[in-house]
Amino acid sequence: MASRRGNSKPREQADKYSILLPTYNERENLPLIVWLLVKYFGESGYNYEIIVIDDGSPDGTLQIAEQLQKIYGADKILLRPRAQKLGLGTAYIHGIKHASGNFVIIMDADLSHHPKFIPQFIEKQKEGGFDLVSGTRYRGDGGVYGWDLRRKLVSRGANFISQVLLRPGASDLTGSFRLYKKEVLEKLVEQCVSKGYVFQMEMIVRARQLGFTVGEVPISFVDRVYGESKLGGNEIVSFLKGLVTLFATT
């Protein structure tokens, strides 16, 4: 056992993890999520960088990010802002172009995804050599906290319908807390055509189509503390349209 630990450090040092944080009006949440990321990566010893992709937030999120960069250093906090809100998929494409890590982590910046799970993602990937590792709210001790009954029913219903129609081989199709091999994420983004919340779902479906392996780690999803949820009626309609499109084309 001792020799295994001794051999693990050089391997870990060779890997670098680029965390993509797309933001829009997250000035209250950004300092907390960055502090937590720095804390857990510091404790685990993995090499990392945090790439903040702000889409022209009117609340001053970018200015907060600039202050965080001064605190933690430009080598750890990279700012790659865009002039306006252009969508999640294009935010990932933009972020990947600037990522120097061989692994990429995507997560929400609103504290719904706790960085304490990231070391588990990394260990899961190493154990199985998975192409991507997805956080799941619907397996093991995973769960959702802070949502009212309507939100839970919408999420469960969306996930159930997606499972029946698409058979993705993953228990949480609509989640957005994942670790990818960088080259795998690049290939998936090239294949995906969906926007908004359907984008995450299509990523898993395309991964299955292309023969990529998927690991899962149970996570606790906590509703945002600051700011307003971006899930509305338009997003639900878009999700249903996207689901039908995926069913017809995959």
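Author: **Aromatic rings and their partners**

The charged end of K39 is placed over the ring of Y40, at 4.3 Å from the centre of that ring. A charge counts as sitting over a ring if NZ of Lys or CZ of Arg is within 6 Å of the ring centre and within 35 degrees of the ring normal. R137 also has its charged end over a ring, that of F221, 5.6 Å from the centre.

The model is predicted: local features need pLDDT of at least 70, side-chain atom pairs count only at pLDDT 80 or more, and totals for chains, interfaces and linings use all residues. Residues are numbered from 1 along each chain as its sequence is written, and side-chain values use heavy atoms, with hydrogens and water left out.

Rings may also pair with one another. Rings of Phe, Tyr and Trp (its six-membered ring) pair if their centres lie within 6.5 Å; planes under 30 degrees apart count as stacked, over 60 as edge-to-face and the rest as tilted. By this rule there are six aromatic pairs. In one of them, the ring centres of Y17 and F103 are 5.2 Å apart and the planes are at 20°, so this pair is stacked. The pair connects distant parts of the chain, since Y17 belongs to strand β1 (residues 16-23) and F103 to strand β4 (residues 103-106), 86 residues apart. Strands (E, at least two residues) are DSSP runs, numbered from the N terminus. Both Y17 and F103 are buried, that is, under 20% relative accessible area (1.4 Å probe, protein chains only). Ring pairs join Y17 and F103 with F41, Y46 and Y48 in a cluster.

Terms used: Helices (H or I, at least four residues) and strands (E, at least two) are DSSP runs, numbered from the N terminus. Buried means under 20% relative accessible area, exposed over 50%, partly exposed in between (1.4 Å probe, protein chains only).
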